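Subject: Model for your review

Dear colleague,

Please find the structure below. My notes on it follow.

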Amino acid sequence: MRLKRFLGYPLVVALPLLVFSLLTLLAPAPLPRLQDIVFDTYQRWHAKGRDPESPVRIVVIDEKSLDEVGQWPWPRSLIAKLTQKLVDAGAVVVAYDVLFSEPDQTSPGLLVNKLPTSAEREALEKVISSSTASYDVLFAQTMAHAPVVLGLLGTDAGEPVKTKAGLGYAGDNPKDFAPPFPAAKMPIPVLFDAAQGVGAINWFPDGDSVLRKVPTFVSVGGKLAPSLSLEAVRVAIGGDSYLVRSSNASGQTAFGVESGINAVRIGDADRSIVVDTDHNGQIRLVARKSEPSSWISASSVLDGSFKPEDVKDHIVFVGAVAIGLRDQRSTSVELAIPGVEVHAQIVEQILAGANLVQPDWMRGVEAFLILVLGGLLAWILRRTRNMPLVSTVAGLSIPIMIASWSWILYVRESILFDAVMPSAGILTVFLAATVYHYQEAEHRRAEVRNMFGRFVTPAVVERLVEAPDRIVLGGEIRELTIMFSDVRNFTGIAENQPPEGVVSLIRRIHTPSTEAVLRHNGTIDKFIGDGMMAFWNAPLDMPNHAALACRAALDIAAMARDFRDPPIQIGIGLHTGEACVGNLGSEQRLEYSALGDAVNLASRLEPLTKLYGIEILVTEATMRAAGNLPFLELDRAMVRGRQSAIGLFALHTGEADADFFRLQVAQAEILAPYRSGDFAQALHLLEKNAAAYQGRYQRLFDYYTNNFNRLMADPKLNWQGVAQL
């Protein structure tokens with residue numbers, strides 16, 4: 001039983017700690033969604049507006065542009081004009097969030113080919129072929145002298161991917177970790193050849209359709225293609241290549257485990273930008289709300305009404321935002337945002353070095369914190385299980401502290417530290433410990449009720465239930481007043497009773513005796529046939545325990561005098577002294593009891609009541625502790641089994657009137673010569689005061705008479721003033 005209790009609490013708190021630690025390390029499917037909710041909240045709380053000094057601008061194909069220029073798609077000749085105006089205004093890159101995977105169907109040559117065969121068609125073909133280039137060629141010619149980046153799209157069916165920049169990697173091959181596609185839709189060859197960069201425009205929203213991460217590369221048929229955003233940055237800084245660092249590269253030790261991509265270097269060694277990524281090579285978007293007021297309408301660029309300084313030295317993204325054309329996405333801070341805005345925001349983030357990262361080792365840190373802080377909390381809760389306010393403060397303060405750490409790391413270091421699992425683990429430990437301590441307390445309360453319900457008053461039981469720690473179950477030394485009572489000549493009385501009559505008689509005697517003990521806040525120890533043992537001042541402290549015990553004895557004596565059918569006599573012994581009290585017994589059976597020299601002495605007093613012919617016999621210790629009650633001094637005696645003499649007193653069971661006062665005076669006169677060895681004088685004084693002993697103390701008078709005569713007749717007597725009992 002003790003082993004079970006010892007192991008119970010550690011097991012209860014260790015189980016949630018282990019479970020939450022494993023969940024943190026393994027990160028099953030629901031967990032990232034919970035984390036995303038928290039991180040999305042951080043982004044909304046800490047969202048910033050567009051930096052006015054941002055080197056990125058957006059030229060939009062909006063409703064105004066469609067109204068003034070015409071429906072989309074526009075002729076590539078118009079796109080070429082738009083590109084040239086932006087380059088002339090000083091744009092360092094013009095990146096199109098547009099897929100030019102088919103020839104321009106508005107080119108004059110293609111339009112003529114759609115006409116019916118005729119002499120007129122042949123004439124037009126000669127004129128057009130000799131004087132007019134296709135719009136795709138015009139656009140390509142413009143791009144030949146402009147820093148333009150075009151889009152490609154990873155798809156399930158298409159053509160092999162081609163790229164414009166070199167690629168190297170260190171560590172594990174990054175193509176094994178980037179989002180895969182079998183093929184791609186590429187810009188038509190004439191445009192691809194003329195562009196300085198080509199990047200993927202694929203998005204990968206999470207299961208809730210929120211775009212939180214933007215890929216740096218996609219794997220198309222086993223070949224890596226950079227994203228449109230990375231290509232825009234590369235062209236802007238004049239880089240020719242990328243370097244991808246993956247697991248097991250120098251400085252990226254993963255102990256042989258292929259854990260994924262760690263970072264991407266854009267550009268060459270002498271001029272480059274390094275971007276930290278997750279294991280799939282994705283960048284977490286530091287989202288902000290879209291600001292349409294910062295957009296530049298394509299129509300204003302085409303008609304020359306825009307401000308050239310708005311695009312000078314800027315990376316310019318061109319994309320559609322008009323209703324019906326908009327490539328809408330949801331981010332952490334906005335339900336609908338044009339896809340071109342996401343490209344612009346990720347480039348702003350890269351150029352500002354505002355990487356929002358969740359390092360691979362962070363899961364290990366989170367799991368470690370769950371174990372350490374959860375273990376610390378379990379230890380605190382065990383120590384403060386009887387202090388609910390302290391336990392509650394401890395149980396809630398640690399999750400609050402974890403959440404604060406998470407927020408501070410996000411704001412100051414741009415590090416994503418998950419507060420969900422550590423906080424949930426800590427709160428689960430708090431809940432488990434609270435339930436365990438509640439059940440433990442209820443179990444202890446039940447034990448208290450079972451242990452004391454029959455032996456102390458209900459009020460005492462409830463006080464013990466409220467504070468069970470007052471009970472020292474293993475045993476403690478404390479001062480008790482112990483009572484032993486016994487029915488005189490019960491064997492003779494029982495001989496005249498049938499067995500069921502004896503049982504009924506004992507119940508009739510013990511029931512009022514028990515009521516008397518409980519009424520005076522005593523504890524019933526045990527019933528010994530027709531006898532009873534009880535004690536006071538345990539399990540609860542009672543400063544007046546001796547007086548309470550004496551009053552209970554008086555009630556029992558009164559009950560015995562009034563007992564009829566058959567009449568009985570009872571003897572009661574009381575002693576006050578130190579004893580060991582607690583849950584005593586064997587491993588098979590424990591009982592709340594008391595033992596020790598004080599208990600042994602009290603048990604020997606009860607038989608002496610018959611010797612002295614009184615009902616209640618107490619020791620001097622009890623007499624002094626009981627206070628203002630009527631006592632009659634009887635003797636100083638050496639009780640069998642003890643080496644020191646004790647004073648014996650009778651607790652008067654009648655009124656403390658003038659007759660009892662005269663008896664006390666007579667008794668004091670008699671005891672003086674008795675103790676000095678002048679037995680004749682003691683006998684003379686006894687006979688002189690015989691009237692004082694008539695009635696209730698007649699048997700005491702007879703005992704003294706016989707004892708004095710016996711002592712006078714003993715020639716070998718070595719009298720020390722102490723009776724040998």
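Leu-138 is found in helix H7 (residues 135–143); helices (H or I, at least four residues) and strands (E, at least two) are DSSP runs, numbered from the N terminus. At 31% relative accessibility, Leu-138 counts as partly exposed, where buried means under 20% relative accessible area, exposed over 50% and partly exposed in between (1.4 Å probe, protein chains only). Leu-138 lies 60 residues from Leu-78 in sequence, and their C-alpha atoms are 9.5 Å apart in space.

On provenance: this is a predicted model, in which local features need pLDDT of at least 70 and side-chain atom pairs count only at pLDDT 80 or more, while totals for chains, interfaces and linings use all residues. Residues are numbered from 1 along each chain as its sequence is written, and side-chain values use heavy atoms, with hydrogens and water left out.

Cores

The largest nonpolar core has 45 residues; such a core is a set of buried Ala, Val, Leu, Ile, Met, Phe, Trp, Tyr and Cys residues joined through side-chain atoms within 4.5 Å. The residues with the most contacts inside it are Val-59, Leu-82, Leu-86, Tyr-96, Phe-139 and Leu-150. Helix H4 (residues 76–88) gives the most to this core, namely six residues. Leaving aside residues up to four places away in sequence, Leu-86 touches Val-59, Ala-91, Val-94, Val-301, Val-311, Val-316 and Val-318 (contact means heavy atoms within 4.5 Å). There is also a second, separate core of 43 residues, which includes Ala-95, Leu-224, Val-275 and Ala-344.

Helix packing

Helix H2 (residues 30–45) packs against helix H13 (residues 388–413) at an angle of about 55 degrees, with the axes 11 Å apart. Axes here are lines fitted to C-alpha atoms, for helices over the stretch in contact, and angles run from 0 to 180 degrees between N-to-C directions. H2 and H13 are therefore oblique to each other, since angles under 35 degrees count as roughly parallel, over 145 as roughly antiparallel, 65 to 115 as roughly perpendicular and the rest as oblique. From H2, Tyr-42, Gln-43 and Trp-45 meet Ala-403, Ser-406, Trp-407 and Tyr-410 of H13. The residues of this contact divide into five nonpolar, two polar and no charged (Ala, Val, Leu, Ile, Met, Phe, Trp, Tyr, Cys and Pro count as nonpolar, Asp, Glu, Lys and Arg as charged, and the others, Gly among them, as polar).

A covered helix

Helix H9 (residues 228–237) is mostly covered, with nine of its 10 residues buried. Among them are Glu-231 and Arg-234. Just after H9, Gly-238 takes a positive phi of about 75 degrees.

Backbone points to check

Most residues other than glycine have a negative phi, and most peptide bonds are trans. The exceptions I noted are these:

- Trp-72 and Pro-73 are joined by a cis peptide bond, with omega about 5 degrees; Pro-73 lies in the loop between helix H3 (63–69) and H4.
- The peptide bond from Asp-565 to Pro-566 is cis, with omega near -5 degrees; Pro-566 lies in the loop between helix H18 (545–562) and strand E22 (570–585).
- Asp-313, not a glycine, has a positive phi of about 60 degrees and sits in the loop between helix H10 (298–302) and strand E16 (315–320).
- Asn-537 has a positive phi near 80 degrees, in the loop between strand E21 (531–536) and H18; Asn-537 is buried, at a relative accessible area of 9%.

Regards
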